Amino acid sequence: MSDHKQQPSNDSILNKSLTRRDVLRLAGTGGLGLILGGGAIGGLLTAENKRKEGARVSASNAEERIPFYGTHQAGIITPAQNFIYFAAFDMTATGSKALQKLFRAWTAAAAAMSEGQPVGDESGNYNLPPVDTGESAGLSPSRLTITFGAGPSLFDDRFGLGAKRPPSFTDLPAFNGDQLEPQWCGGDIGVQVCADDMQVAFHAVRNLARLARGTAVLRWVQEGFQRTAAADPKSGTPRNLLGFKDGTANPAVTNDQEMNKVVWAQSSDGPSWMAGGSYMAVRRIRMRIEIWDRSTLKDQEDTFGRYRGSGAPLGAVNEFDPVDLTAKDKSGNLMIPADSHVALARGDGSVQILRRSYSYSGGMDLKTGQLDAGLLFISFQRDLFKQFVPLQQKLAKNDRLNEYILHVGSAVFACFPGTSKNGYIGEVLF
Amino acid sequence: MRYKVVLPTGLLVASLLFSGCGQKEDTAADAKPTPPAAADNAGTAPASAPDFSAATKQYRSFAIEQCDLFVKETEKFTNAVKAGKLEEAKQLYAPARAYYERIEPVAESLGDLDPNIDARINDVDAAEWRGFHRIEKALWEDKTTAGQEGYADQLLKDAQLLRAKIETIDLDASLMVTGAVELLNEVSSSKVTGEEELYSHTDLYDFAANVEGAEKIFEILRPELAKKDAGLEKEIGERFAALKQELGAFKKGDGYVDYTELNQDQIRKLSQNLDALAEPLSNMGKILGV
């Protein structure tokens, strides 16, 4: 599938002899005749064969599998997968032992699932339910990532973690226009599950919830989607459900320095246990899409401050052209309205966050008959109150977009630093 | 209702009865899918496995005892219906059913008896609908006993038939293990949702009875489970306690409050406590070997 991306490696190719299986496989692909026809060509064929094997390994390693263990948790600067299944849990058990036990069990399961493995070994006992629920058997890992974070409520007196709470880590303040509904807010623990396959993502959440039974319960869940890689092979900036490109101004995740500045908490920031972790803001933002759909194109573009088609800032040509908030048209009006989404979100450019949002569809609003759809906004930042909060305060007050959106859900989680094979997620708390 | 369990030491005697994958065939197991023999496991079968004859004997006497009480209390109920005593019949309805709900999986393995006794409005063809819920609808929705005499007679006969048939049932440990989980699944699928007692809203009586029935099985098998997996035994014990404590908050007099008095949060919490219990309980099959 992705053979063309692979260069054959030169080492030891010519030394590799054909195994019986190679011969059978080549026979299957019509290559056997060539082998039988000329011995000297054998070396080249093994090279071809090696190349394919390399490609296969690479496809599963580099393209389908995101390592679970590492300095940072996966799923933060990981390029966004096609789907998300977000789950917020509340602990029902108390005491740090129960919490540690849960984190250990979740870590083992998450690491296994990230490798495309079931959550545990099957006993084969017909008198027992299977250990893994089975719906992802035979599926690729699909770039599954599972990212864990602690909500502010986890630092109350139930687990003896009061002293560990980062000083500024609390629930978000109320923003202008918030219409939060309790069923979409909060949670002791947030688990962001992303994958290129929805069934793989669902399987992960389901098995984590199952492992948590008796210790923690689901508080709320929300699935989300983006255009898939298959639908958008060029991997352009995804469009939100209002039809506009969303995420153009994200910082470069490949730039370590920038990530350290914007995303990763540093030990000097506060509690040392959060070093290498990141603070996540989650907002369930319902879009009034029926109203949006009857707004004029001019209105829509002025609202975002970008062209709908190209994604370019108003007055510019290409999506990634600089945003010039001072540019004026012939009559002296600002090209990009000062209360447009891009103008406010950009500001002076000094405050950045890493956005990792997905669209959601929650079925139908039974009261109105309208679609319950919108944005599951997710951002990661080094400090919620220095980055997300001032930004959102500004947007909540002035953003033209507010006419078309409604914040109904809100949660924040302190996502732990990553862990190694001998450790577990959240170990830094104990 | 509580039953004190005295475990005979004979329960712990090992025998070859349950070696390998072979399940003891019986009429009860016939109603359930019998696990296929697993070739992979044939070599790893334990040389000896526990003898559950004392446990099954104990459970059988429990089932018979419950069934005796069920017939007795059902007769009081059907007599009240036939005598046109509406309020008395309503009082007797839920307590009589509880004896049945404690041993439901046993009854379910006896063919048509379960639908005849316990079918809800759309479980069977309208023309065949009879039993408790048929009368329940008349008592609570139509507010009368009129026309229910025939159903009352039938119900008592069905209850007596259950009592007669229960003697013949060939219980085994596998039925007990799956039965315990089934009892909780009953709660999950119809009691928690308030669908079981559509007119009387006495769902919590059934809820509690199902849980008590499952707990009885657990108590009988508990020593064997403690030997196999002490952690699991402890966990299940704790979660029974947690669920019963949760249920206890809704006690009222000798029974329970009307299910419509519970708010969504309370119902969800009950449901989550139930799932928390049923998950480890579903692993009680460990005592059966592979």
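Which ring does the charged end of Arg97(B) sit over? The ring of Phe132(B), 5.3 Å from its centre. Keep that residue in mind. One caution before we go on: this is a predicted model.

Let's stay with Phe132(B). Its ring also forms an aromatic pair with Tyr93(B). The centres are 5.8 Å apart, with 75° between the planes, and the pair is edge-to-face. Where do the two residues sit? Tyr93(B) is in helix H3 of chain B, residues 86–102. Phe132(B) is in helix H6 of chain B, residues 132–142. They are 39 residues apart, and the pair links distant parts of the chain. Are they buried or exposed? Tyr93(B) is buried, at 0% relative accessible area. Phe132(B) is buried too, also with a value of 0%.

Now the aromatic pairs as a whole. How many does the structure hold over all chains? The count is 28. Take Phe244(A) and Trp292(A). Their ring centres are 6.0 Å apart. Their planes meet at 75°, so this pair is edge-to-face; the cut-off for that class is over 60 degrees. Phe244(A) lies in the loop between strand E4 and helix H6 of chain A, while Trp292(A) lies in helix H7 of chain A. These parts are 48 residues apart in sequence, so the pair ties them together. Phe244(A) is buried, at 1% relative accessible area. Trp292(A) counts as buried as well, at 1%.

Chain A also has a cluster linked by ring pairs. Its members are Phe103(A), Phe155(A), Phe169(A), Trp273(A), Tyr279(A), Phe416(A) and Phe430(A). And chain A has a charge over a ring: the charged end of Arg284(A) sits over Trp184(A), 3.6 Å from the ring centre.

Last topic: strand E8 of chain A, residues 371–381. Why call this strand largely enclosed by the rest of the structure? Because 10 of its 11 residues are buried.

Look at its partners. Strand E5 of chain A, residues 278–287, runs antiparallel to E8(A), with 8 bridges joining them. In that pairing, Ile285(A) has Leu375(A) as its bridge partner. Strand E7 of chain A, residues 358–364, is antiparallel to E8(A) and joined to it by 5 bridges. E7(A) and E8(A) form a hairpin, with 6 residues between them. In the turn, Gly369(A) has a positive phi of about 75°. Strand E6 of chain A, residues 354–355, is joined to E8(A) by 2 bridges, again antiparallel. Leu354(A) has Phe380(A) as its bridge partner in E8(A).

Conventions: Residues are numbered from 1 along each chain as its sequence is written. Chains are lettered from A and ligands numbered from 1 in the order in which they are written. This is a predicted model: local features need pLDDT of at least 70, side-chain atom pairs count only at pLDDT 80 or more; totals for chains, interfaces and linings use all residues. Side-chain values use heavy atoms; hydrogens and water are left out. Buried means under 20% relative accessible area, exposed over 50%, partly exposed in between (1.4 Å probe, protein chains only). Helices (H or I, at least four residues) and strands (E, at least two) are DSSP runs, numbered from the N terminus. Two strands pair if DSSP finds at least two bridges between them. Rings of Phe, Tyr and Trp (its six-membered ring) pair if their centres lie within 6.5 Å; planes under 30 degrees apart count as stacked, over 60 as edge-to-face and the rest as tilted. A charge sits over a ring if NZ of Lys or CZ of Arg is within 6 Å of the ring centre and within 35 degrees of the ring normal.
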